[in-house]
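Trainee: I would like to learn how to read helices, strands and single residues in a model. Where do we begin?

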Amino acid sequence: MGNEMRIVTEGSKDKYIFTDVVEIEGQKTSILDITNLDAIRKMVAENNIKVIVNCAAWTNVDGAEDPEKYALVEKLNAVAPENLAIAMKEVNGLLVHISTDYVFGGDPYNTPCKEDQKGTPTGVYGLTKLHGEQNILKIGVDHLIFRTAWLYSEFGKNFVKTMLNLTATKPQLKVVFDQVGTPTYARDLADTILTALEDYKLSLNSQPSTLNYAKSGIYHYSNEGVCSWFDFTKMIQQIATEIGYYESLPKQGDLEGLCDIQPCHSDEFPSPVKRPAFSVLDKTKVKNTFGIKVPYWTESLYKCIFGLKTKDLKHS
């Protein structure tokens with residue numbers, strides 16, 4: 001998400017400072033440990049920061065189940081957001097925080113989840129992300145919490161890039177069909193966050209800074225539509241084939257023809273975490289509040305794969 005925010009804010013007249021715990025080659029990055037409240041306060045004071053967008057988190061769902069990692073996962077997913085909330089509360093600022101559909105999943109349901117639905121996480125990752133939300137609410141800072149699902153982009157490790165590689169090199173794949181949700185292109189979420197920030201700026205110009213932001217709250221965002229992981233993979237392959245993505249790769253091994261993608265049950269891939277079986281988010285609130293139109297998931301997937309093809313061609 002951080003890379004996507006860099007892209008969508010490139011032409012902004014506002015000043016954006018991108019931080020990480022390490023230097024990022026080729027990108028201007030300020031070093032900041034968000035588990036250190038004093039360091040955050042110092043950064044906020046020195047740069048007169050009024051809004052923080054938190055894209056950082058522990059996202060390895062299975063890895064979070066390692067008992068030796070519990071404290072670290074809680075620190076990154078719950079304590080760090082609380083620190084950011086405190087720092088923004090002290091300057092009457094806004095905290096934008098990215099959360100997850102994994103705060104749900106413990107109870108069976110088959111209708112899209114609304115923002116006020118009770119959190120019932122089934123694993124450490126979801127539980128710590130829920131704690132992060134609760135900590136932000138506890139501080140009472142103006143906030144925009146965006147829960148999202150099945151996030152992917154041209155950057156980092158994600159399902160789309162993994163499946164593009166596997167379908168290009170494997171003769172057959174099995175992908176679960178009994179987990180349903182909605183893929184989310186990170187660029188679309190970044191655009192939505194930018195739209196919300198513009199709305200926040202307008203609110204600051206029209207009301208005293210002592211008043212709370214009227215649209216402060218939790219919102220759900222994913223692309224439109226519903227599919228299983230199996231359907232998602234089939235569409236990845238279909239789009240990649242249509243635009244000639246596989247032909248753009250430097251080497252495809254001995255694979256002849258298309259990879260045979262077969263549906264399977266979740267129990268064929270044992271995991272320490274029970275993932276939500278129905279992970280569809282209701283986006284009515286975010287659409288009505290900020291007047292946004294959410295793209296259909298296959299349209300955004302096409303944009304991402306086309307972007308990856310272009311990137312690969314540049315580096316070939």
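Mentor: We begin with terms. Helices (H or I, at least four residues) and strands (E, at least two) are DSSP runs, numbered from the N terminus. Axes are lines fitted to C-alpha atoms, for helices over the stretch in contact, and angles run from 0 to 180 degrees between N-to-C directions. This is a predicted model: local features need pLDDT of at least 70, side-chain atom pairs count only at pLDDT 80 or more, and totals for chains, interfaces and linings use all residues. Residues are numbered from 1 along each chain as its sequence is written, and side-chain values use heavy atoms, with hydrogens and water left out.

Trainee: At what angle do the axes of helix H2 and helix H3 cross?

Mentor: Two packed helices are described by the angle between their axes and the distance between the axes. Here H2 (residues 37-47) and H3 (residues 70-90) cross at roughly 40°, and their axes come within 9 Å.

Trainee: Which residues of H2 and H3 meet?

Mentor: Contact means heavy atoms within 4.5 Å. From H2, Leu37, Ile40, Arg41 and Val44 take part; from H3, Asn83, Leu84, Ile86, Ala87, Met88 and Glu90. By class, that contact has 7 nonpolar, 1 polar and 2 charged residues. Ala, Val, Leu, Ile, Met, Phe, Trp, Tyr, Cys and Pro count as nonpolar, Asp, Glu, Lys and Arg as charged, and the others, Gly among them, as polar.

Trainee: Is Asn83 buried or exposed?

Mentor: Buried means under 20% relative accessible area, exposed over 50%, partly exposed in between (1.4 Å probe, protein chains only). Asn83 is at 9%, so it counts as buried. Beyond its neighbours within four places in sequence, Asn83 contacts Ile34, Thr35, Asn36, Leu37 and Ile40.

Trainee: Now the sheet. In what order do the strands lie?

Mentor: Strands of a sheet pair through backbone hydrogen bonds, either parallel or antiparallel. Two strands pair if DSSP finds at least two bridges between them. This open sheet has 4 strands, ordered E3-E4-E5-E10, with parallel pairing. E3 (51-54) and E10 (217-220) are the edges; each has a single partner strand, so one side of each lacks a neighbour in the sheet. On average, neighbouring strands are turned by 20° against each other, direction ignored. E3 and E4 (residues 94-100) are joined by 4 bridges, and Val53 sits opposite Val96 in E4.

Trainee: Which strands does H3 touch?

Mentor: H3 packs on the sheet against E3 and E4, and its direction makes about 160° with that of E4. Helix H4 (residues 124-139) also packs on the sheet, touching E4, E5 (142-148) and E10.

Trainee: Which loop holds Asn48, and which holds Asn92?

Mentor: Asn48 lies between H2 and E3, and Asn92 between H3 and E4. Neither is a glycine, yet phi is positive: about 50° for Asn48 and about 55° for Asn92. Asn48 is at 54% relative accessibility, so it counts as exposed. Asn92, at 51%, counts as exposed.

Trainee: Last, how far apart are the end C-alpha atoms of helix H7?

Mentor: The expected span of a helix is 1.5 Å times one less than its number of residues. H7 (residues 229-242) has 14 residues and should span 20 Å; its end C-alpha atoms are 20 Å apart, which agrees. Its buried residues include Trp229, Phe230 and Phe232. Gly244 follows H7, with a positive phi near 75°.
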